[in-house]
Amino acid sequence: MSNHKKKVSSNRNRLPIILSLVVVILAVIAVILLFCLPDKSTKQSGKESVKTEVSSKKKEKDSSLDQEDKKAGSKSTEKAEPEEPKEPEELKEPEEPKEPIEAKGNGHIVCIDPGHQRSGESAKEPNGPNSKTMKARVTGGTRGTTTGVYEYELTLTISQALKTELEKRGYTVYMTRDTHDVKISNMERAQYATQVNADIYFRIHANGAGSSSANGAMMLTPSASNPYVANLASKSKTLSQDVLAAYCQATGMKNLGVQANDTMTGLNWATMPMTLIELGFMTNPRDDKNMEDAAYQVKMVQGMANGIDAYFQGQ
Ligand SMILES: [Zn+2]
């Protein structure tokens with residue numbers, strides 16, 4: 001009897017220990033579940049890790065909007081669930097399928113047009129929407145008098161480097177061409193910028209002059225009385241000023257100023273703020289050699305990217 005009593009009492013003593021063990025095990029399982037689920041979602045979105053803070057904030061915002069939608073939609077079906085800590089992770093999934101053209105990264109889309117192509121095209125096209133003035137589809141461009149490099153080669157080299165730099169900074173970048181052997185007119189290039197839903201259209205050219213002493217960089221922008229894009233003149237001018245200032249600061253290139261131009265087909269057909277940079281004079285020995293120097297090209301690209309950053313920060 002006393003033996004039996006002892007057994008019972010010892011069982012009673014163990015009961016709290018067993019109960020607390022169960023509680024501990026349950027707690028451990030709960031912790032494992034909590035940590036595994038966010039892990040999974042991190043892996044799913046791992047491929048998008050390049051995105052900047054801005055976009056992830058936007059994503060959170062979007063996702064919380066989705067969440068609101070979803071909650072509103074499913075109000076009647078799921079009610080008695082007071083705590084659902086995993087919900088935000090689950091709701092990120094519907095965001096995965098993206099439209100082919102959509103701003104990612106910092107949310108800005110830049111369309112770069114590397115000026116010219118291997119062969120100019122003399123066939124004509126309208127100088128602007130509904131214009132009766134006809135101009136050559138695309139001209140041949142100039143050539144380095146010291147280096148022998150063609151303008152279409154320099155513009156593509158610089159454009160590709162600028163694309164890489166802008167992508168590093170979170171921009172989505174499209175280029176009207178990435179090879180020399182194309183037949184794309186100035187009008188078609190501007191239309192491409194519209195197709196890709198660009199926020200700015202950035203044309204890259206280099207200058208040439210009869211006198212080898214002419215040197216420096218300038219930017220061309222539509223005037224406020226442009227018959228086609230007057231509504232874009234103000235923003236285009238700001239963009240031009242921001243880029244030219246940053247470009248000349250980074251390179252030490254002589255600043256020839258922002259110049260109004262209403263005769264360029266490639267500007268007149270644009271539908272977003274636009275600019276055209278004349279990187280420097282290929283007919284000037286110093287500009288020409290500088291623009292073919294790898295270290296100098298880094299400065300050129302940094303300068304333009306800084307200017308584009310400044311423009312968007314000011315918007
Ligand atoms: Zn040109």
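Me: Why is H116 called buried?
Reply: Happy to spell that out. H116 has 26 other C-beta atoms within 10 Å, and a residue counts as buried at 20 or more, so H116 is buried. H116 is found in the loop between β1 and β2 (121-126). Its phi is positive, about 70°, although H116 is not a glycine.

Me: What makes β4 and β7 edge strands?
Reply: Start with the strand order, β4-β1-β5-β8-β6-β7, in an open sheet of 6 strands with mixed pairing. β4 (172-175) and β7 (255-260) each have a single partner strand, so one side of each has no neighbour in the sheet. From one strand to the next, the twist averages 20°.

Me: Which strands does helix α4 lie across?
Reply: Helix α4 (residues 151-168) lies across β1 (109-114), β4, β5 (200-207) and β8, and runs at about 140° to β5.

Me: How do helix α6 and helix α9 pack?
Reply: Helix α6 (residues 233-251) and helix α9 (residues 294-314) have axes 7 Å apart, at an angle of about 145°. The crossing of α6 past α9 is right-handed. Residues making the contact include L239, V243 and Y247 of α6, and M300, M304 and Y311 of α9. By class, the contact residues divide into 12 nonpolar, 8 polar and 2 charged.

Me: Where does pLDDT stay under 50, over how many contacts?
Reply: One such stretch is residues 38-79, for which the model has 29 contacts beyond four places in sequence. Residues 87-91 also stay under 50, with 10 contacts of that kind. Where pLDDT is low, the predicted coordinates should not be read in detail. For the protein chain, the mean pLDDT is 82, and 70% of the residues reach 70 or more.

Conventions. Residues are numbered from 1 along each chain as its sequence is written. This is a predicted model: local features need pLDDT of at least 70, side-chain atom pairs count only at pLDDT 80 or more; totals for chains, interfaces and linings use all residues. pLDDT is the predictor's confidence in each residue, from 0 to 100. Two residues are in contact if their C-beta atoms, placed from the backbone, lie within 7 Å. Two strands pair if DSSP finds at least two bridges between them. Helices (H or I, at least four residues) and strands (E, at least two) are DSSP runs, numbered from the N terminus. Axes are lines fitted to C-alpha atoms, for helices over the stretch in contact, and angles run from 0 to 180 degrees between N-to-C directions. A crossing is left-handed if the near helix is turned anticlockwise from the far one by less than a right angle, and right-handed if clockwise. Ala, Val, Leu, Ile, Met, Phe, Trp, Tyr, Cys and Pro count as nonpolar, Asp, Glu, Lys and Arg as charged, and the others, Gly among them, as polar. A residue is buried if 20 or more other C-beta atoms lie within 10 Å of its own, exposed if 12 or fewer, and partly exposed in between; C-beta atoms are placed from the backbone.
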